[in-house]
Structures are given as structure tokens and as C-alpha cells.
Amino acid sequence: MKIDTAMALRHLYASETGPLSSAVRDNVASFSAALSTASAGASRSNAQGAKQTDFTSMTRKEMQEWSNDQIRSGKMSLDDGRPFMAMAMKIPVSGGTGGALQASSDGERFDFTQQARAGIEGALSRNDDVTRKMLESAMKIMQRYQGEPIGVDTRA
């Protein structure tokens, strides 16, 4: 929305001062130009520099950080975060006694939406309604947050 500040000021002060002086008009025009330039610059920097949530190409560490941020900020409950924490785990094939490996040491990218879909299919084949519902909820959450800026507090 574009606001014509010169017109607004003219209407605001019309009864008090008469027509706007050229100095006031120049200041208003210069302020409008500066505001437009600043707004355009902010839009470009947000479009270019802001990292966006992409569940189709994310590392385990990014998934872990995203889910922790959502839980900490209160946007997601611990129960809703369970499938995200499980997807972020890396469990060695050998089983072993070490348990899950640290996600921070793994740079491999995954399509977590595909993993959730595969998990839903598996749950359906096993008649596992609890897992199916949990993964369907995770899919809805991923769809809601796909493409959202990461690490930006939108509450002002």
C-alpha cells in the first residue's frame, strides 16, 4: 500500500497554514523516497538472505534444531515434536551399545516429508493407528511450516 504523505499532510494542516511550502514538500518527498528505498532494500534482503524451512532437503541437525526451536518457542508441544526428534536420530545398522549417533556430525540431506509418507504407509500396513496418527500430524506440521523463514521471530 502506498501512502501519499504530501496529500495527508496537506489535508492535516490545510486549515492551519494554507498551502504547503516548497521546503515542506521537498522534505516530505525526500522522506517518502527514503522510506521506499528502505522498504525495497529490506524486502530484497529478506528474499535473498533469509533461510527458509525446507523439509524436502534438510540435514538431521537442521531438523533437530528446527524442532527444538518450535518446542522452545511454544509453537509445538513435546508430543507433537516426537516424530521430528525420531526422524532426526541416526541409529547405527549394527545396533551396538552406542545407541543413536550425533546428528551434528552428519551433513547428509534427507526428504523428511518422504520419510513421513513412508512411515505412514508402514503404519497402515501394520495397522498401527498410533504411529499413523503421529506421522500424519507431523506431515500437517511440515506442510504448515514449509518455506517459512528459519530463526526469525515474527512476533512483534
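Which side chain meets Arg126 in a salt bridge? The partner is Asp128, with N and O 3.7 Å apart. A salt bridge here is a side-chain nitrogen of Lys or Arg within 4 Å of a carboxyl oxygen of Asp or Glu.

The model is predicted, so local features need pLDDT of at least 70 and side-chain atom pairs count only at pLDDT 80 or more, while totals for chains, interfaces and linings use all residues. Residues are numbered from 1 along each chain as its sequence is written, and side-chain values use heavy atoms, leaving out hydrogens and water.

Stay with the first pair. Arg126 is exposed, at 51% relative accessible area. Asp128 is partly exposed, at 24%. The classes have cut-offs: buried is under 20% relative accessible area, exposed is over 50%, and partly exposed lies in between (1.4 Å probe, protein chains only).

The whole structure holds seven salt bridges. Now look at Glu62. Its side chain meets that of Arg109 in a salt bridge, 2.8 Å from N to O. Glu62 sits in helix H3 and Arg109 in strand S2 (residues 109–110), so this pair ties together parts that are 47 residues apart in sequence. Helices (H or I, at least four residues) and strands (E, at least two) are DSSP runs, numbered from the N terminus.

Glu62 also forms a salt bridge with Lys51, where the closest N and O atoms are 3.1 Å apart. Lys51 lies in the loop between helix H2 (22–49) and strand S1 (58–59), 11 residues from Glu62. Together, Lys51, Glu62 and Arg109 are linked in a network of salt bridges.

Lys51 is partly exposed, at 48%, and Arg109 is partly exposed, at 44%.
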